[in-house]
Amino acid sequence: ELLISSDQQQIQHKDVSTPVRYLQIEMTLLKACNMSDVLLEFRVATVELSERGLVNSAKWASEQACSLAEMVDVPLEGRPSDRHDVAFWKDWDKFSMAKSYFDLKEFRRSAHFLRQCKSPEARFLRLYSLYLAGEKTKDVPVYTQTSTAAPTNSELSLIRDELTQLE
């Protein structure tokens, strides 16, 4: 039996012996939480962890925020908009997650999560991630008998195609 007292915010567990019961407890706790507040906390944690150079922790927090953002609708109002447009704030969770992958040098993964983003910042990070992914694989030696040409960045044609679509 699970008892939640809203006055004292205490949780008491009785007869928790099966995994199903644990799941029921977790679902009850999630219903008691304000998920919008949890999402905002993950967003703040992502920024603060990234500023401190804790890139793996920032990645984890941004992944949690991105997952919650798909389930919880948090209005755009109250966000600073003097430097960025509305498209950037709509892409914020995916952008911050992709940025954390970029910081970990997971360039292809970063580019993948920015495919649907429309803000200029997200598009830049996507194209730059693709470029760096191509440069990273360009330096890997490929041993073939007929290959004497200098290695090239295989992502350049994709980058060119995406840039021409923007025009």
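Begin by selecting Glu162, which lies in helix α8 (residues 156-166); helices (H or I, at least four residues) and strands (E, at least two) are DSSP runs, numbered from the N terminus. The model is predicted: local features need pLDDT of at least 70 and side-chain atom pairs count only at pLDDT 80 or more, while totals for chains, interfaces and linings use all residues. Residues are numbered from 1 along each chain as its sequence is written, and side-chain values use heavy atoms, with hydrogens and water left out.

Glu162 counts as buried because its relative accessibility is 19%; buried means under 20% relative accessible area, exposed over 50% and partly exposed in between, with a 1.4 Å probe and protein chains only. Show its surroundings next: leaving aside neighbours within four places in sequence, Glu162 is in contact (heavy atoms within 4.5 Å) with Arg126, Leu127 and Leu130.

**Helix α7 and the surface**

Select Phe124, which lies in helix α7. With a relative accessibility of 56%, Phe124 counts as exposed. Helix α7 (residues 120-138) gives the patch its largest share, three residues.

**The cores**

Turn to Phe95, Leu114 and Leu125, which touch the most other members of the largest nonpolar core, a set of 13 residues. The elements giving two or more residues to this core are α4 (86-90), α5 (92-103) and α7. A nonpolar core is a set of buried Ala, Val, Leu, Ile, Met, Phe, Trp, Tyr and Cys residues joined through side-chain atoms within 4.5 Å.

Finish at Val72, in the loop between α3 (55-71) and α4. Val72 is buried, at 16% relative accessible area. Its contacts, leaving aside neighbours within four places in sequence, are Met35, Ser36 and Leu39. The C-alpha atoms of Val72 and Leu39 are separated by 7.9 Å, although the residues are 33 apart along the chain.
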